[in-house]
Amino acid sequence: MSPTWVTSPNYTEGRGGTPIDRIVIHYIVGRLSAADATFQNPDSGVSAHYGIGEGRVHQYVSVFNTAWHAGDWGFNQRSIGIEHSADQYRAPTWETIMASVDRCTILCRQFGLDPMTAIVPHDSIRATACPGTVDWEDIRDRTAQQV
Ligand SMILES: [Zn+2]
């Protein structure tokens, strides 16, 4: 599924020379439209590179720029953030998971990443409930079968 641009003002130009070696898995705690609204609001101070849900893939920030998603500056510089439509009571749909696997496969190929080490959940970086109901290990393992 090709991404549709929904440009966010919340990013830093470039990556400070840091190579990309991680893909961080997040959940929106809402639908894709909620991520669109938050990431398009300059006052929110947050963004991600991609959001997936409701049959769509949105791109907010170029992968060559630093999105503000990990809550850790070093990790923001080295990683690509992907948000998934889900909340505490609603896991991502099969369609969302498959679109995420497709996106992770493309990114791992593009940047020469091993999915088994590159794909990580947000809560491995800092204390957070994210990625909640997203089965990030399933995304990782399915990506590893395709790369
Ligand atoms: Zn997160």
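At 31% relative accessibility, Asp141 counts as partly exposed, a class that lies between buried (under 20% relative accessible area) and exposed (over 50%), computed with a 1.4 Å probe on protein chains only. This is a predicted model, in which local features need pLDDT of at least 70 and side-chain atom pairs count only at pLDDT 80 or more, while totals for chains, interfaces and linings use all residues. Residues are numbered from 1 along each chain as its sequence is written, and side-chain values use heavy atoms, with hydrogens and water left out. The points below cover the salt bridges, the zinc site, the aromatic rings and two further residues.

**Salt bridges**

- Asp141 forms a salt bridge with Arg140, the closest N and O atoms being 3.0 Å apart; the term stands for a side-chain nitrogen of Lys or Arg within 4 Å of a carboxyl oxygen of Asp or Glu.
- The structure holds 6 salt bridges, and one of them joins Asp138 to Arg142, where the closest N and O atoms are 2.9 Å apart.
- Asp138 and Arg142 are 4 residues apart in helix α5, which means that about one helical turn separates them; helices are DSSP runs of H or I with at least four residues, strands are runs of E with at least two, and both are numbered from the N terminus.
- Both partners count as partly exposed, Asp138 at 22% relative accessibility and Arg142 at 29%.
- Asp21 forms a salt bridge with Arg22, with 3.9 Å between the closest N and O atoms, and Asp21 counts as partly exposed at 27% relative accessibility.
- Asp21 and Arg22 are linked with Arg78 in a network of salt bridges.

**Zinc site**

- The zinc ion is coordinated by His26 through ND1, His122 through ND1 and Cys130 through SG, at 2.0 to 2.2 Å; donors are N, O and S atoms within 2.8 Å of the metal (3.2 Å for Na, K and Ca), and water is not among the atoms, so sites may look incomplete.
- Along the chain, the donors of the zinc ion follow the spacing H-x95-H-x7-C.
- His26 lies in strand β3 (residues 22-27) and His122 in the loop between β8 (119-121) and α5 (136-146), so the pair ties together parts that are 96 residues apart in sequence.
- His26 and His122 are both buried, the relative accessibility of His122 being 8%.
- Not counting residues up to four places away in sequence, His122 touches Val24, Ile25, His26, His69, Ala70, Gly71, Thr128, Cys130 and Pro131, where contact means heavy atoms within 4.5 Å.

**Aromatic rings**

- The structure holds 2 aromatic pairs, meaning rings of Phe, Tyr and Trp (its six-membered ring) whose centres lie within 6.5 Å, with planes under 30 degrees apart counted as stacked, over 60 as edge-to-face and the rest as tilted.
- The rings of Phe39 and Tyr60 have their centres 4.9 Å apart and their planes at 85 degrees, so this pair is edge-to-face.
- Phe39 lies in helix α1 (residues 32-40) and Tyr60 in the loop between β5 (56-59) and β6 (66-67), so the pair ties together parts that are 21 residues apart in sequence.
- Phe39 is buried, with a relative accessible area of 5%, and Tyr60 counts as buried at 1% relative accessibility.
- The charged end of Arg78 sits over the ring of Phe75, 4.6 Å from its centre; the criterion is NZ of Lys or CZ of Arg within 6 Å of the ring centre and within 35 degrees of the ring normal.

- Gln59 lies in strand β5 and counts as buried at 9% relative accessibility.
- Leaving aside neighbours within four places in sequence, Gln59 is in contact with Pro3, Thr4, Trp5, Val6, Thr7, His49 and Tyr50.
- A polar atom of the Gln59 side chain lies 3.1 Å from the backbone oxygen of Val61.
- Gln59 and Arg126 are 67 residues apart in sequence and 24 Å apart in space, C-alpha to C-alpha.
- Ala99 has its place in helix α3 (residues 94-111) and is buried, with a relative accessible area of 6%.
- Apart from neighbours within four places in sequence, Ala99 is in contact with Met1, Ile52 and Val57.
- Ala99 and Gly53 are 46 residues apart in sequence, and their C-alpha atoms are 8.6 Å apart in space.

Notes
A polar contact is a pair of N or O atoms within 3.5 Å; within protein, one must be able to donate a hydrogen and the other to accept it, and residues adjacent in sequence count only if both atoms are side-chain atoms.
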